[in-house]
Amino acid sequence: MPTPPDTAPRGLADDVHVFEAPFSFYGVPVGGRMTVLRLPDGGLWVHSPVAFTPERRAAVEALGKVRFLVAPNLMHHVHLPDWAAAFPDARVVAPAGLRVKQPALRIDQELDDTPDPAWAPVLDQMHVRGMPQLNEFLFFHRPSRTLLVTDLAFHYPRAEGLRQRAYLLLDGVLGKFAAPRFLRLVTKDREAARAALQRALRWDVERVVVCHGQVLEHGGHKALHDAFTWL
């Protein structure tokens, strides 16, 4: 039996794999993406877990031992409990505030401005302040020049279906790599958000892996800059 496409990992670079999975937002199919990075010690760092299935678990385990399960903002945590239960030895990492939002979720470590020593050799991180409802962290995998973005930007070159098209048009992200319009509503401190993005623009970004839409393989630095000119 062939492996379902949303179960098989897709390798983007050495030590960088992604899993695509169906995901709906208020009935609109927007898709979801989980990124699995292999750390220098061979352990796995899992960003924004998608829906848990035994098949996905097996596919992840085939890549290595899961050491970290990362919620990159206050929205992408829905599937974390299942993954945390499946990998009790893995550390669950999340932004400040998620403990209050999800008190039943095991959280072993809160993100801050300093990368953990376990992933600092290959990963930089940036806390994008000024958007307290999101409290998102950007992550940059230096060896592959890959930026991980969760809800700060989407990349939909085209729409699939009328419902998705209407949603993408409303959010201003159809046909391009862009920051969704809803960010303007949740941004409470533009100066803080702008300062964070300016620091992130110092990274030598080539590829951008978004959680919603298609991976942007080239020109990531300019795309990130252009997406946030509104700040």
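User: What is the relative accessible area of Arg145, and how should I read such a value?

Analyst: A residue is called buried under 20% relative accessible area, exposed over 50%, and partly exposed in between, with a 1.4 Å probe and only the protein chains taken into account. Arg145 has a relative accessible area of 32%, which means that it is partly exposed. This is a predicted model, in which local features need pLDDT of at least 70 and side-chain atom pairs count only at pLDDT 80 or more, while totals for chains, interfaces and linings use all residues. Residues are numbered from 1 along each chain as its sequence is written, and side-chain values use heavy atoms, with hydrogens and water left out.

User: Which residue forms a salt bridge with Arg145, and how far apart are the closest N and O atoms?

Analyst: Side chains of opposite charge can pair when their charged atoms come close. The criterion here is a side-chain nitrogen of Lys or Arg within 4 Å of a carboxyl oxygen of Asp or Glu. The partner of Arg145 is Asp204, with the closest N and O atoms 3.1 Å apart. This pair links distant parts of the chain, 59 residues apart: Asp204 lies in the loop between helix H6 (190-200) and strand E15 (207-210), and Arg145 in the loop between E11 and strand E12 (146-149). Helices (H or I, at least four residues) and strands (E, at least two) are DSSP runs, numbered from the N terminus. Asp204 is partly exposed as well, at 47% relative accessibility.

User: How many salt bridges does a search of the whole structure find?

Analyst: The search finds 14. In one of them, Glu110 meets Arg99 with 2.9 Å between the closest N and O atoms, and this pair connects strand E9, which holds Glu110, with helix H3 (residues 98-101), which holds Arg99, across eleven residues of sequence. Another salt bridge joins the side chains of Asp113 and Arg129 at 2.9 Å, N to O. Because Asp113 lies in the loop between E9 and E10 and Arg129 in the loop between E10 and E11, the pair ties together parts that are 16 residues apart in sequence. Asp113 is partly exposed at 39% relative accessibility, and Arg129 is partly exposed with a relative accessible area of 39%. Salt bridges can also form a network, as they do for Arg10, Glu20 and Arg33.

User: What is the strand order in the open sheet?

Analyst: Two strands are said to pair if DSSP finds at least two bridges between them. The seven strands of this open sheet follow the order E1-E2-E5-E6-E7-E8-E9, and their pairing is mixed. Strand E1 (10-13) and strand E9 (109-110) stand at the edges with a single partner strand each, so one side of each has no neighbour in the sheet. Within the sheet, strand E2 (residues 16-21) runs antiparallel to E5 over six bridges, with Val16 bridging to Leu37 in E5. E5 in turn is joined to E6 by four bridges, again in the antiparallel sense, and Val36 has Val46 in E6 as its bridge partner. By contrast, strand E6 (residues 44-47) and strand E7 (residues 66-70) pair in the parallel sense over four bridges, and here Val46 stands opposite Leu69 in E7.

User: How many residues of strand E5 are buried?

Analyst: In a regular strand the side chains alternate between the two faces of the sheet. Strand E5 (residues 32-38) is mostly covered, with six of its seven residues buried. E5 and E6 form a hairpin with five residues between them, and Gly42 in the turn has a positive phi of about 95°.
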